[in-house]
Amino acid sequence: MDKVKSERTYYPHVVIGMIIGCVIGCAYTIKIAIDNPVEMDTFYMEKYQKVENNINEIMALQEKFDTKFDLAYSTEKFVIGQNSITLKLTDKSGVAVNNANIIMMLSRPDSNKDNKQLLPSKVENGNYTFGPFEINKPGRWQILSKIELGEFKGYHKNEAYAAQ
């Protein structure tokens with residue numbers, strides 16, 4: 001009698017396992033993308049897609065703005081609790097500009113969850129005061145500004161640190 005040695009092949013199991021692994025990997029990637037959407041480009045305070053499609057125009061407007069105006073922030077430190085920020089806007093000759101449309105946003109560099117959008121509460125002699133607003137987390141904060149003045153449009157970023 002001849003002994004027949006039966007060999008078992010695992011090739012079909014490996015192929016099925018790889019297909020299942022790919023499906024699980026794709027599902028996990030989709031879950032991560034849904035949990036972390038790219039909604040807003042914080043520096044330009046616009047939808048990411050709008051910035052992506054118009055970046056050349058945005059940069060041209062920024063350059064035009066920078067050649068005409070100067071901008072200074074009043075603070076580099078926050079305290080936990082009530083704060084305010086003053087932004088001074090002047091033209092290159094030093095004349096105060098009072099009729100600009102300014103939107104300011106406070107943002108954490110690591111997350112958009114704590115974003116605070118601010119409008120000026122007082123405008124006087126080129127000084128745009130934003131606040132009072134509440135800072136409740138210590139650490140690094142970004143002060144992002146979007147300034148529109150007629151045909152000029154500028155974007156600026158400054159950083160401040162909050163401490164107890």
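Two strands count as paired if DSSP finds at least two bridges between them. Strands themselves (E, at least two residues) and helices (H or I, at least four) are DSSP runs, numbered from the N terminus.

Welcome to these exercises on a predicted model, in which local features need pLDDT of at least 70, side-chain atom pairs count only at pLDDT 80 or more, and totals for chains, interfaces and linings use all residues. Residues are numbered from 1 along each chain as its sequence is written, and side-chain values use heavy atoms, with hydrogens and water left out.

**Exercise 1. Work out the strand order of the open sheet, and find its edges.**

Step 1: The open sheet has five strands in the order β4-β11-β10-β6-β7, and their pairing is mixed.

Step 2: At the edges are β4 (77-79) and β7 (111-118), each of which pairs on one side only.

Step 3: Ignoring direction, neighbouring strands of this sheet are turned by 30° against each other on average. The axes behind such angles are lines fitted to C-alpha atoms, for helices over the stretch in contact, and angles run from 0 to 180 degrees between N-to-C directions.

**Exercise 2. Describe how β10 meets β11, and which helix lies across them.**

Step 1: Strand β10 (residues 139-149) runs antiparallel to β11 (residues 152-163), and 11 bridges join the two. Among the facing residues, Q142 stands opposite E159, while I147 has G154 as its bridge partner.

Step 2: The hairpin of β10 and β11 has two residues between the strands, and G150 takes a positive phi near 60° there.

Step 3: β10 is mostly covered, with eight of its 11 residues buried. Helix α2 (residues 48-68) lies across β10 and β11, at about 80° to β11.

**Exercise 3. Find the backbone features at N125 and at P132.**

Step 1: N125 has a positive phi, near 55°. Its place is in the loop between β8 (122-124) and β9, and N125 is exposed, with a relative accessible area of 52%.

Step 2: The peptide bond from G131 to P132 is cis, with omega near 10°. P132 is found in strand β9 (residues 127-135).

**Exercise 4. Is I19 buried or exposed?**

Step 1: First locate I19, which is in helix α1 (residues 11-35).

Step 2: With a relative accessible area of 52%, I19 is exposed.

Note on methods
Buried < 20%, exposed > 50% of the residue type's maximum accessible area, 1.4 Å probe, protein only. Contact = heavy atoms within 4.5 Å.
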